[in-house]
Every structure is written in structure tokens, then in C-alpha cells.
Amino acid sequence: MKIITRLKNDANIAEYKASCLILSTPFSCYSDSVYQKNLENIVTEIHNLQKEVAFLIDKIVDQSEISILYSFLDSYEKNNIDYFIFSDMSIYNYFAERKLSNKLIYSASTLVCSNEECLMYAEMGVKVIVSKELSLDELYNIKTKNVVLYAYGYLEMFYSKRKLINSYFQYTNKQRTIDSSFEIVETTRDAIYPIIENKTGTYIFNEFPYILFKELMNLSNMHMIYINGYLIDEEKILKVIEIYNKALSTQFDDTYLEELIAVSSNVTTGFLYKKPLILKENE
């Protein structure tokens, strides 16, 4: 398995011991990356290090943006971008028409949940990031090799195209500091969830980073594992990547797991070993 991860700072490209680096674009849902160089120069630098490049173009694309998006994709055709991570099917249409669907990784948060769906996308020539809410048994049932597994990082729990933070401050008539970071607490539980708002909408994330580690020993048929450093300090995510690399080259034993927990002790296994509440209620 290869590791794919977001590049957070283009000054530190060589520090990322991953096979493929994800670059944020004007069509990314959200990003905390800092790039001093233009994308074309970053792509060249990554390729010179014998690494692959993925463009993150996962926002919902309005009809008015289609021509702008397609012009953007046209402009990078000569740069030989290895992968494009997408969620809007207008992007699939663009690549299918050019017989380049093998460059696509479909990322739709919770939508791809079964081996049959993965097979369907494999027939389309597309790789997929499977749902992050699957149980371990459900992951074991996926047998196709076009799969990218989410292995580490904050999970997106909620999305709205509306600017909910902005609406809150307008409704309460409170003063908002532009550079402030925000968290949200439910009335029925104590967990604190990161919440962000940008021009694409509002996003709420899990309280702690999700971790899939020792379980990967029995999931070695997958194409890639995704380590997502969004909302995580670069120093920490580089250490996380280092630990996963060591485990991939040897074995996922408790020593490496302890190292991973030492980076951040507050992690969650999501629904790997428990059912979502809505499924429990329907039993």
C-alpha cells in the first residue's frame, strides 16, 4: 500500500515520506495549506522527488463554475498530474470524455459503502475513498483493489452550503473576529467539535482524529491509505506518516501503535467496532 497525504507547506516537500502528495486548489472544499510557489512549480518539485501528485478538486461545482473549472483542468494538462480527487460528477465527465478516468479518485465522504459500489467505479476506471463510517467487517468485505482507505485524520461529520457561523453572529448580534477558530458543543453531550466556515460553506468535524492502524494488516489489498493532516500541526502529521511507513515496511505491532498514540493520545476508531446510533435505533 502507498500513502497519500495533503501537503501543508511547500517549503517542506522533501520531509513528506509519502508516495503521493495532495495539493489544494481553488476547487478544494477547505484547506490549511501554505504555498509560496505556484502549483506548477510545486508539481515539478514533487515529481523530481519521484513522488506522485494529486489535485484536490472536491467542492460541489455550480453550473456557473463549470467553464472555469474545465479551463483550470486544461491549464494543467501538460503537467501530468497523477490523480484528481473529486466528488462532483461534472469532473468525471471531463475526464471520461478524454479517456483519462484512471486519474480519478472519487471522494464522497459517506457514499461508497460496499464492494459492489467499488466494483462499479472500478469498471469506470475510477479509484474510490470508501466511507469513513464503515465497520471493520464491512471493510473486510471490500475485495477490489481500486480503494483508498482513510487511515488517520479528522472526519467530516456535517456539511452545509450555508454560512452557518456567519448566520449565528448576525442572529445573536455578536462581534466576530475574522481570524478566530471555532468549536461547537451539543446540548446532549460533552464533546467539542471543530467547526469551520469558508466560501464553500460550513463544516463540522469529529472531536478527535480517526485512526485505522493495526487493522491494516488484513487490508493489504487496498491501493492507498490516506493520512489527512487537515487541522493537525505539520510536525505531528509528519511523525504520523513516518510511523505508518515503518509499520508498512515491517508489521503493525504494538510498538508502532504506542508511538502513534504518543503523537496524539486523543484518537477515535470511529465506527470500526460500534454501530452508528441511527443503526442501533433501527434494530
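Trainee: Buried means under 20% relative accessible area, exposed over 50% and partly exposed in between (1.4 Å probe, protein chains only). With that settled, which way do M224, I225, Y226 and I227 point from strand β13?

Mentor: M224 and Y226 point one way from β13 (residues 224–227), I225 and I227 point the other way, and all are buried. Strands (E, at least two residues) and helices (H or I, at least four) are DSSP runs numbered from the N terminus. Keep in mind that this is a predicted model, where local features need pLDDT of at least 70 and side-chain atom pairs count only at pLDDT 80 or more, while totals for chains, interfaces and linings use all residues. Residues are numbered from 1 along each chain as its sequence is written, and side-chain values use heavy atoms, leaving out hydrogens and water.

Trainee: Okay, and in which sense does β1 pair with β13?

Mentor: β1 (residues 2–6) pairs with β13 in the parallel sense, over 4 bridges; pairing takes at least two DSSP bridges between the strands. K2 stands opposite M224 there. Strand β7 (residues 147–153) also runs parallel to β13, joined by 4 bridges, and L149 stands opposite I225.

Trainee: Switching to I22: is it buried or exposed?

Mentor: I22 is buried, with a relative accessible area of 1%. I22 lies in strand β2 (residues 20–24).

Trainee: What does I22 touch, not counting residues up to four places away in sequence?

Mentor: Taking contact as heavy atoms within 4.5 Å, I22 touches I4, T5, R6, L7, Y35, A54, L56, I85 and Y226. I85 is 63 residues from I22 in sequence and 8.6 Å from I22 in space, C-alpha to C-alpha.

Trainee: Nice. In what order do the strands of the open sheet with β8 come?

Mentor: The order is β8-β11-β10-β9, 4 strands with antiparallel pairing. β8 (156–160) and β9 (182–185) are the edge strands, each pairing on one side only. The twist from one strand to the next averages 30 degrees; axes are lines fitted to C-alpha atoms, for helices over the stretch in contact, and angles run from 0 to 180 degrees between N-to-C directions. Helix α6 (residues 164–172) packs on the sheet and touches β8, β9, β10 and β11, with its direction at about 95 degrees to that of β10.

Trainee: And how many bridges join β10 to β11?

Mentor: 4 bridges join β10 (residues 192–198) to β11 (residues 201–205).
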